[in-house]
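Subject: Structure handover

Hello,

Here is the structure for you to look over. Please open it first, then read on.

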Amino acid sequence: MRSFRRHRTLWYGLMAVLPLVLGACSVFLGRYPVSVRDIVELAAAAWTGQGMDPTHFSVIVHVRLPRIILGALVGGSLAVSGAAFQGLFRNPLVSSGMLGVSSGAGFGAALALILFDRYMYVYPLSFGFGLLAVLLCFFIGRLTASTQAITLVLGGVIVGSIFSALISLLKYLADPYDELPAIVFWLMGSLSRAEYDHIFTAGIPMMAGSLGLVIVRWRLNVLAMGDREAHSLGLNVNANRIFIIVCATLATAGAVCVSGVIGWVGLVVPHMGRMIIGNDNKALIPVAFFMGAAFLILVDDISRLISTSEMPLGILTSLLGGPFFIYLLRRTRGREW
Amino acid sequence: MAADPDQTLIEMKNAAFSFGRIPVFRQVNLKIARGEVFCLLGPNGCGKTTLIDCMLGIHKLDTGRLCLMGQSRPRHSPKETARVMAYVPQKHDRHFSFSVLDLLLLGRTPYIAFYASPGKPDIEKAKKILELFGLSHLMHRDYTRLSGGETQLVMIMRALIQETPVIVMDEPTSHLDFRHELIVLETLARLIRERRITLVMATHFPNHAFYFENAGIPVNVAFMGNQSVKPSGTPSRALTQENLARFYHIETLVMTHTLPGKGPIKQIIPIKTLDRKTKGTP
């Protein structure tokens, strides 16, 4: 681990280019073969304004590229929100879904799939319910007339379990041949629905939230000292906490509404970052974004490659992330974080 | 060396605070001047920490006023407070392993804009303080693995990097062994002398007040109990056998010993507890 620390700048740079490299490689991966020549042709076609093979064009520009962009955005957003929540709640077991965002968004999506059988309504409803879940957490916190982190955490547990129950209720009520599978697949997460206009609309909250967290990242170090100390160090604890929660919620809700519930990224990727770069949020927050992006691009590649009917991402993130996490735990012997 | 009575840094006027319906203190009046040690004594649960929290602005006073550097506001902002007082906590919960340097840099919070992080000058400041304490070798160490004594010194360093005229300490030497207790006290005495720092400390050990007095530093003692705070003057005046019996219900012996070349040294030796019923409270 010391070796990681000594070359911190090197690792930082490496992490930053990792999603770019992986993203570039991913263009070539998938059932439909794409070669370097195709890319050159595409670039030439774009340059000269001439047409090219429409299938190639479509595969690269409308299938592969949006998935890669969406994967990077979703992975980065989930990881960065998870890292921020871990610091904010001073609890390493917290993830981006902490305040019920994922369950709320899942419920919104399921509701949309039952009420209207078009995917169009899934995004706004899922995003809206994700935000609503966090608002409810605040409301529960206010009931106890306390703004302490622990009441928010409890609120998150309560709201999360209520929405999970509501999701089960919707599954129970859903048409088992048509709606139920749609809900189940949505909940397992996928990037296959990636289209540019969705990426653009969902990308706004994801980018805004992640950028907000990057801007205030050093303050997470101060908040990690606990409320009393953070206050005595000159931080307006409540204002900063609310800002961070709003940013993380926007980023997570934006991610979940386009990709479904992809677990594990918001919990484990931040820890991978902690093991490599350390706990200083000044470095960790950007690194978590890059690693989350790289991780999800990689997982999506694997999902495309291992079977003809893409395996849902939620399954793969856990199956791949778990063993890798064990490897990191062993290498670092649980130290340094 | 003397305290500067003209320069009152912290003043509480007619202050009262309660948790809901449970009053903690009322009608507290106190003044803390530059260069002095203000020693708050009181039994467990009397509200010393709450009083300190009110000074730090963590709790808002129910009534009364708090003046910092002559400025009186209904509520001082955390940033404003953190430029007057640096706080060394009694107990610090360690959640994430930061390096000692990262921890020290947190002391720069009141001077850093919300979007920024500490820069080179801040790192230089941290390095200088580490050198001053002779602890440069700790710079890149994981602070969660430091010993209790080292942690306390790091916390004091963090307070110094905050560059405030006042340092507030809650039980500065709890959990420390004999030697480290003395190291912390010596460090504090040196800082008060060399940097004219004002120290506000809540302590369970009346001997700490004598330690600073023996070192030639102006000390004011205040007793806290029965929801009030009683400023009682210098340790020699306040910490008499009678007062200790009344206040702590213990029999003590206040000893004066003259060390050759060092002047008189005063210490309290506890003898035995007294029955609470026979004696009143001050």
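Below is what was found in it.

This is a predicted model, in which local features need pLDDT of at least 70, side-chain atom pairs count only at pLDDT 80 or more, and totals for chains, interfaces and linings use all residues. Residues are numbered from 1 along each chain as its sequence is written, while chains are lettered from A and ligands numbered from 1 in the order in which they are written.

The sheet of chain B

Chain B holds an open sheet of six strands, ordered S6-S7-S8-S3-S9-S10, with mixed pairing. Strands (E, at least two residues) and helices (H or I, at least four) are DSSP runs, numbered from the N terminus. Two strands pair if DSSP finds at least two bridges between them. The edges are S6 (85-88) and S10 (228-231) of chain B; each has a single partner strand, so one side of each has no neighbour in the sheet. From one strand to the next, the twist averages 20 degrees. Helix H1 (residues 48-56) of chain B packs on this sheet. H1 touches S3, S6, S7 (166-170), S8 (198-203), S9 and S10 of chain B, and its direction makes about 150 degrees with that of S7(B). Axes here are lines fitted to C-alpha atoms, for helices over the stretch in contact, and angles run from 0 to 180 degrees between N-to-C directions.

Strand S9

S9 (residues 219-225) of chain B pairs in the parallel sense with S3 (residues 37-41) of chain B, over five bridges. Val37(B) has Val219(B) as its bridge partner, and Leu40(B) has Ala222(B). S9(B) and S10(B) run antiparallel and are joined by four bridges. There, Ala222(B) stands opposite Pro231(B). The hairpin of S9(B) and S10(B) has two residues between the strands, and Asn226(B) in it takes a positive phi near 50 degrees.

How enclosed is S9(B) by the rest of the structure? Largely, because seven of its seven residues are buried. A residue is buried if 20 or more other C-beta atoms lie within 10 Å of its own, exposed if 12 or fewer, and partly exposed in between, with C-beta atoms placed from the backbone. Both faces of S9(B) are covered. Val219(B), Val221(B), Phe223(B) and Gly225(B) are buried on one side, and Asn220(B), Ala222(B) and Met224(B) on the other.

Helix H9

In H9 (residues 241-248) of chain B, Asn243(B), Leu244(B), Phe247(B) and Tyr248(B) are buried. Seen down the axis of H9(B), the buried residues fall within an arc of 95 degrees, so they line one face of the helix. That arc is the one spanned by the directions from the helix axis to the C-beta atoms. Their cover includes H7 (206-214), S9, H8 (235-238), S11 (250-259) and S12 (263-273) of chain B. His249(B) follows H9(B) and has a positive phi, near 55 degrees.

Domains of chain B

The domain assignment gives domain 1 (1-84 + 164-239) and domain 2 (92-162) of chain B. These bounds come from an automatic or database domain assignment. The C-alpha centres of the two domains of chain B lie 24 Å apart. Twelve residues of domain 1 of chain B are in contact with nine residues of domain 2 of chain B. Contact means that the C-beta atoms of two residues, placed from the backbone, lie within 7 Å. On the domain 1 side, H2 (78-82) and H6 (178-195) of chain B each supply at least two residues. The largest share, four residues, comes from H6(B).

Between the chains

The contact takes 23 residues from chain A and 20 residues from chain B. On the chain A side, H10 (217-223) and H11 (227-232) of chain A each supply at least two residues.

Phe98(B) is worth a look. It is found in the loop between S6 and H3 (100-105) of chain B. Phe98(B) counts as buried, with 22 C-beta neighbours inside 10 Å. Leaving aside neighbours within four places in sequence, Phe98(B) is in contact with Asn221(A), Asn279(A), Asp280(A), Leu103(B) and Tyr143(B).

Two loop residues

Glu163(B) lies in the loop between H5 (148-161) and S7 of chain B. Its phi is positive, near 50 degrees. Arg196(B), in the loop between H6 and S8 of chain B, also has a positive phi near 50 degrees.

Best wishes
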